[in-house]
Amino acid sequence: MKAALFVVLALSLLVVACSGSRTPADRGEMPENAPPANNAACAPAPTNEPEPEPEPAPKKRIVVTTGVHGNEPSGYLVQGQLAELGFTVHGPCNPWGIENNNRHLEDGRDLNRMFGRTDCPEAESVKEWLKENPPDFLLDLHEDPDGTGAYLIQHGPDDEIGRKIIDALKDQYDFDPAPKFLMVQGEDGLLKPTLPVLRVMALGKIYGLAYYAWATYGCTAIVVECPGSWPEEKRKAYQLAVCTTAKRLIEE
Ligand SMILES: [Zn+2]
């Protein structure tokens, strides 16, 4: 009981010590628009030590994935260069497909429709890798064998980066003026599924790597597409240009 009384007494003294009665405001010394004093009277006395330099913001991890479709090799062919440029790169996601110039997995399934399931070893392997390397931003490099112009499919409806990438590159590369993917119609090279459309995609559970990254890590995730009919050097240059432009925009 005595101990309890002592604690109450000690607390009361502390409250008095920290109450406004000792602040300059109560002595009429505080300018009218000064911030409230709060517990300023209890704060440590200011010293003359210089303010510490603010820590630089941690670098964002920009992840690039390649070779999801084995017959779309340009991203895989530049992944060494991308790693040297500071990207966190993973590929080929479909090694058998790359080796055999085949869109599909060895079992005939399309890896980029397998990320809502758990029975596809290649998709599980990519998911495991992403867990070790959680992306702040992701680019998944593809080619469209039937495409007539380049385009981007952006998961992350509130982000303007897809449009900014296209604006920066549209003088060098032809973008599809009216790209279409499943139920999504885009314009000027950009497909940007809205949140309701993304939710419908989730119901079907047939979504791809970029959707999975967005839904799991909350990062903007872009599928990068260019016509498979472009010469290989142009496809490789385009993949590099999209990645480096995105990096510049994110880091500036
Ligand atoms: Zn593809």
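Modeller: Buried residues make up 34% of the 252 residues in the protein chain, where a residue is buried if 20 or more other C-beta atoms, placed from the backbone, lie within 10 Å of its own, exposed if 12 or fewer, and partly exposed in between. This is a predicted model, in which local features need pLDDT of at least 70 and side-chain atom pairs count only at pLDDT 80 or more, while totals for chains, interfaces and linings use all residues. Residues are numbered from 1 along each chain as its sequence is written.

Colleague: How many helices and strands are there in the protein chain?

Modeller: The chain has 9 helices and 8 strands; these are DSSP runs numbered from the N terminus, with helices being H or I of at least four residues and strands being E of at least two. Of the contacts with a separation of 6 or more, 71% are between residues 24 or more positions apart, a contact being two residues whose C-beta atoms, placed from the backbone, lie within 7 Å.

Colleague: In what order do the strands of the open sheet lie?

Modeller: Strands of a sheet pair through backbone hydrogen bonds, either parallel or antiparallel. Here an open sheet of 6 strands runs in the order S2-S1-S3-S8-S4-S7, with mixed pairing, and two strands are said to pair if DSSP finds at least two bridges between them. Strands S2 (88-90) and S7 (190-191) are the edge strands, each pairing on one side only. Helix H8 (residues 209-217) packs on this sheet, touching strands S1 (62-65), S3 (137-141), S4 and S8 (220-225), and its direction makes about 170 degrees with that of S8; such angles run from 0 to 180 degrees between N-to-C directions, and axes are lines fitted to C-alpha atoms, for helices over the stretch in contact.

Colleague: Which partners does S4 have, and in which sense does it pair with each?

Modeller: Strand S4 (residues 151-155) pairs with S7 in the parallel sense over 2 bridges, and with S8 in the antiparallel sense over 5 bridges. On the S7 side, Leu152 has Leu190 as its bridge partner, and Ile153 stands opposite Leu191, whereas in S8 the bridge partner of Tyr151 is Glu225.

Colleague: Are the faces of S4 covered or uncovered?

Modeller: In a regular strand the side chains alternate between the two faces of the sheet. In S4, Tyr151, Ile153 and His155 on one side and Leu152 and Gln154 on the other are all buried, so that both faces are covered. Because 5 of the 5 residues of S4 are buried, this strand is largely enclosed by the rest of the structure. Helix H7 (residues 195-204), by contrast, is hardly covered, with 1 buried residue among its 10.

Colleague: At what angle do H6 and H9 pack?

Modeller: Two packed helices are described by the angle between their axes and the distance between the axes. Helix H6 (residues 161-169) and helix H9 (residues 232-251) pack at an angle of about 120 degrees, with their axes 10 Å apart. They are therefore oblique to each other, since angles under 35 degrees count as roughly parallel, over 145 as roughly antiparallel, 65 to 115 as roughly perpendicular and the rest as oblique. On the H6 side the contact involves Ile161, Lys164, Ile165, Ala168 and Leu169, which meet Ala241, Val242, Thr245, Ala246 and Leu249 in H9. By class, the residues of this contact divide into 8 nonpolar, 1 polar and 1 charged, with Ala, Val, Leu, Ile, Met, Phe, Trp, Tyr, Cys and Pro counting as nonpolar, Asp, Glu, Lys and Arg as charged, and the others, Gly among them, as polar.

Colleague: Where is the peptide bond cis, and which residues have a positive phi?

Modeller: Most residues other than glycine have a negative phi, and most peptide bonds are trans. The bond from Gly91 to Pro92 is cis, with omega near 0 degrees, and Pro92 has its place in the loop between S2 and helix H4 (95-99). Among the residues with a positive phi are Asn101, near 50 degrees, and Asp188, near 45 degrees. Asn101 counts as exposed because it has 10 C-beta neighbours inside 10 Å, while Asp188, with 15 other C-beta atoms within 10 Å, is partly exposed.
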